[in-house]
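Here's a quick briefing to read alongside your model. Have the sequence and the 3D view open while you go through it.

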Amino acid sequence: METTPSNDPCDDPLELPTIPEFIQSLGAWSYVLYAAGISNTLLQGFLFLYLLRQFIRTLESKRLVSSIWVTSIFFVISLFNMISLVLPQANDFLWLAYKIFVGIAMGHFVDLTLGWYGGESAMLQHVGENTPLSFRKAPCCCCLLLPRQSLLTKNKIRIMRGSVYQIPYTESLCLILLISLQMSGYVEEGGLSLASPNTYITALVSITFVFGLWGLFMFFNITHKLDLLKNYNYKKKSNLMRITIVIINFQTLIIDICNRQGWISCIPETLSASGVTCLIKVVCVLIESFILGTVSFLVYKDEGTYI
């Protein structure tokens, strides 16, 4: 007697839902979620266009491009989040693409920071050549290779810059490599066993991102500690960037780990565990992009006029 194959999504925890399955699983709430996603994307797009107009009118060209990159984060994430709602099966690719985008924006924030100082030499003058600084700061506070106390030099500034600049290049190469291996059948999606190349590629991406995060946070820590760049509203801008990176990126990592450990349950006959994971991330990012995007607009709306 032949058995009918099961169509229960719970049988395949890595299966991502199609659009009809996603809508069917949420019922009327799916339309509420789609409406909220579209509304937030339109709002963030409007706020970004307003800031773009403000920047073009008030900022010099050397700061214009970097300011556009940094403030576009929330519009881009709301747009990617909306695409993830419309195309749930593209969720993993969209998050990897967003990480690359954030890496580029982090590099532009470093450029803005040095631009506000007036360059590397000017930063050294503001900080003071004889001011001792600790380079063992989060997220590399336990790294013994970093000096506990040392003086700031141009070479150290360049190392901090380089650690941030490498993020989009490293993650792009890893993404291309991962997709190539998946298409060739050498890597199964979601596989993180010791025999899987996916494990080592994921580890490399995490290590390089943490290294870049250290470089960015060093600029934050030095500037905050010495209370510099007050005229540029730096504390609010850097804290907003820090919160955005930490909340959205590490939140996604934690949710994915919970899914891989089996701590997120499927909805029988409706959504797999990965589908529920995708739904959790979408809802969290929707709320966070609305709040952080609105705060970003309030912080940057007078850019170029208060100096």
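This is a predicted model: local features need pLDDT of at least 70, side-chain atom pairs count only at pLDDT 80 or more; totals for chains, interfaces and linings use all residues.

Residues are numbered from 1 along each chain as its sequence is written, and side-chain values use heavy atoms, with hydrogens and water left out.

**Asn 40**
- Asn 40 sits in helix α2, residues 28-58 (helices are DSSP runs of H or I, at least four residues, numbered from the N terminus).
- Asn 40 is buried, at 5% relative accessible area (buried means under 20%, using a 1.4 Å probe and protein chains only).
- Its side chain makes a 2.9 Å polar contact with the side chain of Ser 289 (a pair of N or O atoms within 3.5 Å; within protein, one must be able to donate a hydrogen and the other to accept it, and residues adjacent in sequence count only if both atoms are side-chain atoms).
- Beyond neighbours within four places in sequence, Asn 40 is in contact with Ser 78, Leu 286, Ser 289 and Phe 290 (heavy atoms within 4.5 Å).

**Phe 48**
- Helix α2 also holds Phe 48, which is buried at 14% relative accessibility.
- Skipping neighbours within four places in sequence, Phe 48 is in contact with Ile 68, Thr 71, Ser 72 and Phe 75.

**Trp 214**
- You'll find Trp 214 in helix α8, residues 197-225, and with 3% relative accessibility it's buried.
- Leaving out neighbours within four places in sequence, the contacts of Trp 214 include Phe 135, Pro 139 and Met 160.

How values were computed
Helices (H or I, at least four residues) and strands (E, at least two) are DSSP runs, numbered from the N terminus. Buried means under 20% relative accessible area, exposed over 50%, partly exposed in between (1.4 Å probe, protein chains only).
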